Amino acid sequence: MIDDLIKRFSNTTENQEKAIFSTLFIAGNKLQTLFDKRIPEISLKQFMLLSIVRQSNEQMTLTQLGEILGCSRQNIKKLAEVLKKKGFIHIEQSLYDTRAMCIIPTNKVDEYFQNEFSQYQKELKYLFEVYSEEEIKTLYFLITKLYAGIENLEKRVMPYEDNSDI
């Protein structure tokens with residue numbers, strides 16, 4: 001079925017653009033479903049939030065995290081509340097803006113990544129083992145360029161709105 005769709009959408013640039021857009025959506029859903037079933041204790045969205053917080057060199061506000069993850073401050077707050085109940089994070093007032101709240105990882109985050117998640121990091125390699133090194137480099141370049149396309153879309157479809165909360 002997928003092979004048939006690929007053939008049907010490969011004949012024009014416009015169809016290829018439609019197929020790429022659909023593929024991004026479908027691939028995201030498939031990865032989320034797969035990892036939500038496999039990752040213990042947290043969802044893929046919670047995992048992504050923890051990953052960003054863990055890798056950050058400084059405190060990040062809920063709004064900043066929403067901008068990075070492509071969702072609203074309210075969605076980040078919902079994810080954070082669940083992670084707080086599970087002992088992964090604290091939510092504290094920002095050192096730089098008393099109106100903003102920041103997510104602070106607990107020791108449980110490092111323990112989780114070192115122990116529980118290490119197995120799943122190995123499994124993630126399966127996703128990319130079908131690519132050559134050169135294809136990985138090309139895919140990385142094109143995926144990172146996709147951000148420029150998303151920014152262009154935001155400017156074009158919401159030119160008069162403040163896009164800082166997106």
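Two rings of Phe, Tyr or Trp count as a pair here if their centres lie within 6.5 Å. Keep that in mind as you click through this predicted model, because by that cut-off the structure holds four aromatic pairs.

Start with Y112 and F113. Their rings sit 6.2 Å apart, centre to centre, with 80° between the planes, so the pair counts as edge-to-face, the label for planes over 60 degrees apart.

Together with Y112 and F113 they make up one aromatic cluster. While F88 is on screen, show K108 as well: its charged end sits over the F88 ring, 4.6 Å from the ring centre.

Next stop, F128 and Y131. This aromatic pair is tilted, with 6.4 Å between the centres and 40° between the planes. Buried or partly exposed, what is F128? F128 is partly exposed, with a relative accessible area of 36%. Y131 is partly exposed as well, at 37%.

Which helix gives the most? That's α7, with three residues.

Finish on V130, in the loop between α7 and α8 (133-157). V130 counts as exposed, because its relative accessibility is 65%.

Conventions. Residues numbered from 1 in each chain as written. Predicted model: local features only at pLDDT ≥ 70, side-chain atom pairs only at ≥ 80, totals over all residues. Heavy atoms only, no water. Phe/Tyr/Trp six-rings, centres within 6.5 Å; stacked < 30°, edge-to-face > 60°. Buried < 20%, exposed > 50% of the residue type's maximum accessible area, 1.4 Å probe, protein only. Lys NZ or Arg CZ within 6 Å of the ring centre and 35° of its normal. Helix = DSSP H or I, 4+ residues; strand = E, 2+ residues; numbered from the N terminus.
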